[in-house]
Amino acid sequence: MGREEEFVMTVANGGTARGGENDKNHVTLTVVVNTVPTAVEANIHWKMRTVMERAFEQSGTTGRDPSQWEFKDANGALINLERTVQSYGFTDGTTLFLTLAAGISG
Amino acid sequence: VAEAVETRVASPTEAANTESGEASVGDAQSPAPASEQASPSPIGAQPVGVSPVIPPELIALPEGVRHAIDAPTAGSPAAKRRGAREQVVDPQVSYAKFDREVEWLRRYEMAQRQRGLLLIEAAFPRVVIAVCVPQVRPYVLLFGVIIDYTNWDVEPPSVRLIDPFTFRPLVARELSTWMKRRVNVGAPDFTPAVPQVSDEQVAPGRAPAPVAGAPVQESAILQWSGPDDFPFLCLAGVLEYHEHPAHTGDSWWLHRTTGAGSLSHLLNVFHSYAIAPITGFMPAFDFRPVNGAVQIEVRGVQLTVGQLPA
C-alpha cells in the first residue's frame, strides 16, 4: 500500500488531509456513543462539537437532538463543546463517552 | 461554597437491618425469647468494655419502614415492583440484549468505577450497582441499585434503590440524596417581558432548554408518594416511569430505540445527579437550652451539594 493510499481525507470543518505517521495535527479518539465505540480521526483544532457530530455520524446515531446528549471524559467531567481537541490535550486512544442525558423527568 | 444541603444520611439504626425486608418484618414481629424478655435491655447488659453483638431479631426497623415493605399502597409503583416480573419475551432475545449491556459495562468498568459506580453483580435479568461518591473524604456510599432487565427491551428496565449490604429496598425517608436538578419552568404569566419556552424547547423526550430570565426551580428525579414509600427513578426509559398513571402519554415505545434504559444511560444519570453534585459534608447540630446553658447535640451528617445540574 502506497503512502498516498494511507491518507484519510476528512471533510468536516473545512477538511484537511491526514498523511502518515508524522501527522501531528490529528489524534484518534475513541468515542463511546451510548454503548457503541467508534474511532474518530480528529484534527486537534476541531471544536469538540465537531468530534461529537462525527461520532454520531460514524455510529449511525440518529433520532435524538445532539443537545439531549452529554459528552464526558473517562472521569465523568463534562466536555465543553466549544473548546478544541488541542485545548484538552487529548492523545491517540483517549476514550470519551457520549451518553443520553436525563431528558424530561419527574 | 455549598449552595444547598441534601437530606441527612440515614442513622446507623435506620441503616441496620437483616438479610431481607421480609425477613426483617417477620423477625421484628416475632416475640423475643424468654431469656431476652427477662432483660429490658440485652445490649445494655453486656459487660463493660465488650462490644455488644446485636442479634438480628433485635434490630427492629422503624414502624413506617416495616409498613412500606410489608404493604405498599395498592397500585403504587412500589406495589407493582413488589409483584414478581414474569419473562414473557423470548428469553434468548432478552438474554442476548442483556449480555450486550453487561459486555459494555465490563469493557468500561474501570471508567465507571472511577466515577463512583461499582458493579456488584450482573446476572440475567439484573445488574446490581453501588453508587458511591469518590470525590469526597471519607468516601460515601449513597445507595445500591438493582436494574432489572426482565423482558428487555420490549419493556424498559425496572430500577430499584436498595441497601447495598442487604439488598433490602430503601424507602424515601432513608435516602441521602433526592437527585435534584434545575428545571426551567418558563416565565410566569404576569411578566410577559420574560421570554417563554417554545414548543421546540419542550419537544418530547427533551428537557426544556434554559431561557434567560425565566424562573428556575429544583426538581427531584427520585419521586415517591410518602416518606415510607419506595422511591423510583422518574425518568423516561425506566419501567416505573412508564407505568405511572401520570405518564401514560409518554410510551416506552417512543424511547426504545434511542438508548433510553440502557446501562449507559442509567449510569450516566446516577453520575450526573447523584454523584457529581456532592461537594462534601456538613455536621448537623441540635441546640437545646438546659439550665441556662446550651446543650449541643450532633444530629448527624448532611451531604452538601454544589450547583445542581440541569
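In the predicted model, 25 residues of chain A are in contact with 31 residues of chain B. The two chains bury about 2,300 Å² between them. Carbon and sulfur atoms account for 48% of that area. Zero salt bridges are counted between chain A and chain B. Polar contacts are found, however: eleven residue pairs across the interface meet the rule, with both residues at pLDDT 80 or more. On the side of chain A that touches chain B, the elements giving two or more residues are β5 (69-73) and β6 (95-100) of chain A. By class, this side of chain A comprises nine nonpolar, eleven polar and five charged residues.

Aromatic pairing was examined next. Over all chains, the whole structure holds twelve aromatic pairs. One of them joins A:Y88 and A:F90. Their ring centres are 5.1 Å apart and their planes lie at 5°, so the pair is stacked; the cut-off for stacking is under 30 degrees. A:Y88 is partly exposed, at 24% relative accessibility. A:F90 is buried, because its relative accessible area is 13% and the limit for burial is under 20%.

In chain B, the rings of B:W104 and B:Y108 also form a pair. Here the centres are 6.4 Å apart and the planes are at 50°, so the pair is tilted. B:W104 is buried, with a relative accessible area of 4%. B:Y108 is buried as well, at 9%.

Chain B also contains an aromatic cluster. The residues B:Y95, B:F98, B:F124, B:Y149, B:W152 and B:W252 make up this one cluster.

Key. Residues are numbered from 1 along each chain as its sequence is written. Chains are lettered from A and ligands numbered from 1 in the order in which they are written. This is a predicted model: local features need pLDDT of at least 70, side-chain atom pairs count only at pLDDT 80 or more; totals for chains, interfaces and linings use all residues. Side-chain values use heavy atoms; hydrogens and water are left out. Contact means heavy atoms within 4.5 Å. Buried area is the accessible area (1.4 Å probe) that two parts lose on being put together, summed over both. A salt bridge is a side-chain nitrogen of Lys or Arg within 4 Å of a carboxyl oxygen of Asp or Glu. A polar contact is a pair of N or O atoms within 3.5 Å; within protein, one must be able to donate a hydrogen and the other to accept it, and residues adjacent in sequence count only if both atoms are side-chain atoms. Helices (H or I, at least four residues) and strands (E, at least two) are DSSP runs, numbered from the N terminus. Ala, Val, Leu, Ile, Met, Phe, Trp, Tyr, Cys and Pro count as nonpolar, Asp, Glu, Lys and Arg as charged, and the others, Gly among them, as polar. Rings of Phe, Tyr and Trp (its six-membered ring) pair if their centres lie within 6.5 Å; planes under 30 degrees apart count as stacked, over 60 as edge-to-face and the rest as tilted. Buried means under 20% relative accessible area, exposed over 50%, partly exposed in between (1.4 Å probe, protein chains only).
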